[in-house]
Amino acid sequence: MSIHYMIGVDIGTTSTKAVLFQENGSIVAQTDEGYPLHKPSPSIAEQDPEQILHAVIGTISRVVQQSGIAPANIMFVSFSSAMHSVIAIDHTGKPLTQCITWADNRSAECARHLKNELNGHELYMRTGTPIHPMSPITKLMWLRQDHPEVFHKASKFISIKEYVFAKLFGEYVVDHSIASSTGMLNLEKLDWDPEALEIAGITSDHLSRLVPTTYIMQGLLPGMAEQLALLPVTQFVIGASDGVLSNLGVGAIEPGVIAATIGTSGAIRTVVDRPMVDPKGRIFCYALTEKHWVIGGPVNNGGMLFRWVRDEFAASEVETAKRLGIDPYDVLTRIAEQVSPGSDGLLFHPYLTGERAPLWNPDARGSFFGLTMSHRKEHMIRSVLEGVIFNMYTVLLAMEEIIGRPTKILATGGFARSSLWRQMMADIFNQEVVVPESFESSCLGAVVLGLYATGRTESFDIVFDMIGSTHQHRPIKAHANVYQQLLPIYISVYRSLESQYQAIAEFQREQAGE
């Protein structure tokens, strides 16, 4: 009996990953390809869509070739993708803009206008996307206002996954999951919201055709199959967004089970059986399937801050790591481990790129608080790692108002490679944290959805047989006590600074000539 294989692709903010799995969930081969995020000023965060398309094609072809698997034995390719991106496309399919990512804050003023003057909260209650510059509806408002020549020339406004599928198949389609993160999809009707389209200044013709996350496409455009090292008839499952698929990929699909993810950014999420929103507007609600919805809160500032520490604080440590042939992050982790929990009273608020949950404030800015002459570089390194987890915990506290205390916390994402960071989460959350073996949860979630879409399983429960062994971290009582003392200080500091965030952000924008 021949063994069947499948490919999960995750189009992320900093790289695209492709993982080739056996049907039992074991990994045969994996590869990734990075690309830059262009940030010429604090508000801009763009990418080249062609670079990302090249990365998608390259990772798929390489993972097939590395595996040595015959293309005929690959059942399907299923996709995960980052949310909230916008690309304006002309009638020939040519991009008129770069890919404007979720981290782009140029629509901040439009978001404020929508929130305060255009029934923004009522729109949120229908669409489940918090009003924030990350949201594509605010990006369209900004394009229409600041770049009308581009806006009116555009034939379509699409996400990066839609761009990739249009290049592979010549058709504009968008899955319910990506669509539900635009701020323009009515969750109850699973159709574009007329008032949202009016606010954005577009019609449904400017958007792609809506399809379920289980939608299958076949018949690659001429030449594409050869570039991908696949057969032209290979099934492509459109898939969903990276966040909801990460929940599926770690098995966080039962009531009360929380997935805490820290990659470049981060999120706290749980699965519910119907659309659910927050009267205070703090959480998102995105589609997985018509029977599975994911609610939670995203944070801008996750693993990217560890990279910032590496690049800006640790030149000598990086050089040492290179000389010893070890990962610079391992060196930094060992340095942070020398400092006691709580970093001797040094708190870090990780809002270097503004913040989504829990502040929903694009003007929020980062800060060290409590700094004294007795603090050294290692304190600052540890406090950055702690600050990311403190921020995640404040999101969880908001979610607990809606779903109650979680029964289980599953941690995933690049941060899960660090035992220090994993233990830190257990200590700050004061709850056991379980880490599935597979770090590539979005890719695994994509192939589980693909098995469901192609009829090879009737239930997502199959994921429990595919996840593999786990790490488990129980809170260390003495550490948890320290963090519980610091948490109220952490919260009160960012609340007291809220009135100053806009002033310093406006100053920075003036200095940058924006």
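Where does helix H17 bend, and by about how many degrees? In this predicted model, helix H17 (residues 477–511) bends by about 55 degrees at Glu498. The bend at a residue is the angle between two fitted axes, one through the seven residues ending there and one through the seven starting there. Helices here are DSSP runs of H or I with at least four residues, strands are runs of E with at least two, and both are numbered from the N terminus.

A word on how the model was read. Residues are numbered from 1 along each chain as its sequence is written, and side-chain values use heavy atoms, with hydrogens and water left out. Since the model is predicted, local features need pLDDT of at least 70 and side-chain atom pairs count only at pLDDT 80 or more, while totals for chains, interfaces and linings use all residues.

Back to H17. Its buried residues include Tyr483, Leu486, Tyr490, Tyr494, Tyr501 and Arg509, where buried means under 20% relative accessible area, exposed means over 50%, and partly exposed lies in between (1.4 Å probe, protein chains only). The buried residues of H17 pack against strand E19 (347–349), strand E20 (367–369), H14 and H15. Just after the helix, Gly513 takes a positive phi of about 75 degrees.

Contact means heavy atoms within 4.5 Å, and the angles, from 0 to 180 degrees, are taken between N-to-C directions of lines fitted to C-alpha atoms, for helices over the stretch in contact.

Why does strand E21 count as largely enclosed? In E21 (residues 408–412), 4 of the 5 residues are buried, so the rest of the structure largely encloses this strand. Strand E15 (residues 257–262) runs parallel to E21 and is joined to it by 5 bridges, with Ala259 opposite Leu410. E21 also pairs in the parallel sense with strand E22 (residues 433–436), over 2 bridges, and here Leu410 stands opposite Val434. From E21 the chain crosses through helix H15 (residues 419–429) to E22 in a right-handed β-α-β crossover; right-handed means that, with the strands pointing away from the viewer, the path from the first strand over the helix to the second runs clockwise.

There is another open sheet, with 6 strands in the order E3-E2-E1-E5-E14-E13 and again a mixed pairing. Strand E3 (27–34) and strand E13 (216–217) stand at its edges with a single partner strand each, so one side of each has no neighbour in the sheet. Strand E5 (residues 74–81) and strand E14 (residues 235–241) pair in the parallel sense over 5 bridges, and Ser80 stands opposite Ala240. Helix H10 (residues 242–249) packs on this sheet, touching E1, E5 and E14, and its direction makes about 100 degrees with that of E14. Helix H6 (residues 160–169) lies across strand E1 (5–11), E5, E13 and E14, running at about 170 degrees to E14.

What about the inside? The largest nonpolar core has 125 residues, and those with the most contacts inside it are Met184, Trp192, Ile202, Ile268, Met425 and Phe429. Such a core is a set of buried Ala, Val, Leu, Ile, Met, Phe, Trp, Tyr and Cys residues joined through side-chain atoms within 4.5 Å. Helix H14 (residues 377–403) supplies the largest share of this core, 11 residues. A second, separate core of 41 residues includes Leu53, Leu228, Phe236 and Ile238.

Most residues other than glycine have a negative phi, and most peptide bonds are trans. In the loop between E19 and E20, the peptide bond from Ala357 to Pro358 is cis, with omega near 0 degrees. Trp360 is found in the loop between E19 and E20 and has a positive phi of about 50 degrees although it is not a glycine; at 9% relative accessibility, Trp360 counts as buried. Asp465, in the loop between helix H16 (441–453) and strand E23 (470–473), is exposed, with a relative accessible area of 67%.

Conventions:
Pairing = 2+ DSSP bridges.
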